[in-house]
Amino acid sequence: MADQPPQLSWREDRIPVSDQFDDPYFSIQNGLAETEHVFLQGNGLPGRFAAGFHIAELGFGTGLNMLAAWRAWEQSGAQGALKFTSFEAYPMAPADMAKALAAFPEVGPRAARFLGQWRGSGSCDLGTLQLEVVTGDARRSLPEWTGEADAWFLDGFSPAKNPELWQADLMQAVADHTVPGGSAATYTAAGFVRRGLENAGFAVQRVPGFGRKRHMTQAVRTEAKVE
């Protein structure tokens, strides 16, 4: 079932690897630095933060991206709460999340606050962070979502290993749930992903990636929405 915890292997006893997709959950070099480069800088954050800002994500994984965004939000001095909605088909067991996040002491205090309340799915009120994790297949749940994001973190497993999370119809659903002028970023520069984003109404550019990845993708929603 899609909502069962994923089967994991551990690289160096600290990096979780999905047995189903044979892909690590974050960079073997530095997962936090990758998140900051790809998803924060890739979406112009924290510079774009404003009251009511809403981040949405494909692939919650360990929660590292959320924690990095939450840390950046609090450090930026932005007012109110950051909204963060993530779509995850295979929610990780909290104990496994704790093991993976222990590698990043920079987010340790926030990880402890999060894991102290987290029960594996649903919503979580953390004061300056309002989190919702929508479990199940995003190809069904995202089109039904009523929200809109200012920025998207597209962080599914590798397109070569998990192409379902990168298909054109899902990229269109991402665009349909992005405010005009909103953005998306992802670690991959795969041609079919960039074309899917372009066809959905994003202006797309390929930019330097993190670590060994030569390129990544940035996208900005430019088309006015048709009601």
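In the predicted model, Leu 58 has Phe 87 of β5 as its bridge partner. This pair belongs to the contact between strand β4 (residues 54–58) and strand β5 (residues 82–88). Five bridges join the two strands, and they run parallel. Phe 87 is also touched by Ser 141, as is Val 134, when residues up to four places away in sequence are not counted. Ser 141 itself lies in helix α5, which spans residues 138–144. Its relative accessible area is 13%. That value is under the 20% limit for a buried residue, so Ser 141 counts as buried.

Strands β4 and β5 are members of an open sheet of eight strands. The strand order is β6-β7-β5-β4-β8-β9-β11-β10, and the pairing is mixed. Strands β6 (122–125) and β10 (202–208) stand at the edges. Each has a single partner strand, so one side of each is left without a neighbour in the sheet. From one strand to the next, the twist averages 15°.

Within this sheet, β8 and β9 pair in the parallel sense. Five bridges connect them. Ala 149 stands opposite Thr 178 in β9. Strand β9 covers residues 178–186, and seven of its nine residues are buried. Strand β9 is therefore largely enclosed by the rest of the structure.

A second open sheet has three strands, in the order β1-β2-β3. Its pairing is antiparallel. Here β1 and β3 stand at the edges. Strand β1 (residues 8–11) is joined to strand β2 (residues 15–18) by four bridges. Leu 8 stands opposite Ser 18 in β2. Arg 11 has Ile 15 as its bridge partner in β2. The two strands form a hairpin, with three residues between them. In the turn, Glu 12 has a positive phi of about 55°.

In helix α7 (residues 191–200), Val 193, Gly 196, Leu 197 and Ala 200 are buried. These four cover an arc of only 95° around the axis, so they lie on the same side of α7. Arg 195 and Asn 199 are exposed on the other side of α7. The cover over the buried residues of α7 includes β8 (149–154), α6 (168–176), β10 and β11 (215–221). Strands β8, β10 and β11 belong to the eight-stranded sheet. Just after α7, Gly 201 takes a positive phi of about 115°.

Helix α4 was treated in the same way. The buried residues of α4 are Arg 110, Ala 111 and Phe 114. Their arc around the axis is only 100°, which puts them on the same side of α4. On the other side of α4, Pro 109 and Ala 112 are exposed. Among the elements that cover the buried residues of α4 are α2 (64–76), α3 and β7 (129–135). Strand β7 belongs to the eight-stranded sheet.

A search of the whole structure finds 15 aromatic pairs. One of them joins Phe 26 and Phe 104. Its geometry is edge-to-face, with 5.1 Å centre to centre and 80° between the planes. Phe 26 lies in the loop between β3 (23–24) and α1 (31–40). Phe 104 lies in the loop between α3 (94–101) and α4 (108–117). The pair therefore ties together parts that are 78 residues apart in sequence. Both residues fall under the 20% limit for burial. Phe 26 is buried, with a relative accessible area of 6%. For Phe 104, also buried, the relative accessible area is 5%.

Other ring contacts form a cluster. Ring pairs link Phe 21, Tyr 25, Tyr 90 and Phe 157. A charge over a ring is found as well: the charged end of Lys 99 sits over the ring of Trp 10, 4.2 Å from its centre.

Key
Residues are numbered from 1 along each chain as its sequence is written. This is a predicted model: local features need pLDDT of at least 70, side-chain atom pairs count only at pLDDT 80 or more; totals for chains, interfaces and linings use all residues. Side-chain values use heavy atoms; hydrogens and water are left out. Buried means under 20% relative accessible area, exposed over 50%, partly exposed in between (1.4 Å probe, protein chains only). Contact means heavy atoms within 4.5 Å. Two strands pair if DSSP finds at least two bridges between them. Axes are lines fitted to C-alpha atoms, for helices over the stretch in contact, and angles run from 0 to 180 degrees between N-to-C directions. Rings of Phe, Tyr and Trp (its six-membered ring) pair if their centres lie within 6.5 Å; planes under 30 degrees apart count as stacked, over 60 as edge-to-face and the rest as tilted. A charge sits over a ring if NZ of Lys or CZ of Arg is within 6 Å of the ring centre and within 35 degrees of the ring normal. The arc is that of the directions from the helix axis to the C-beta atoms.
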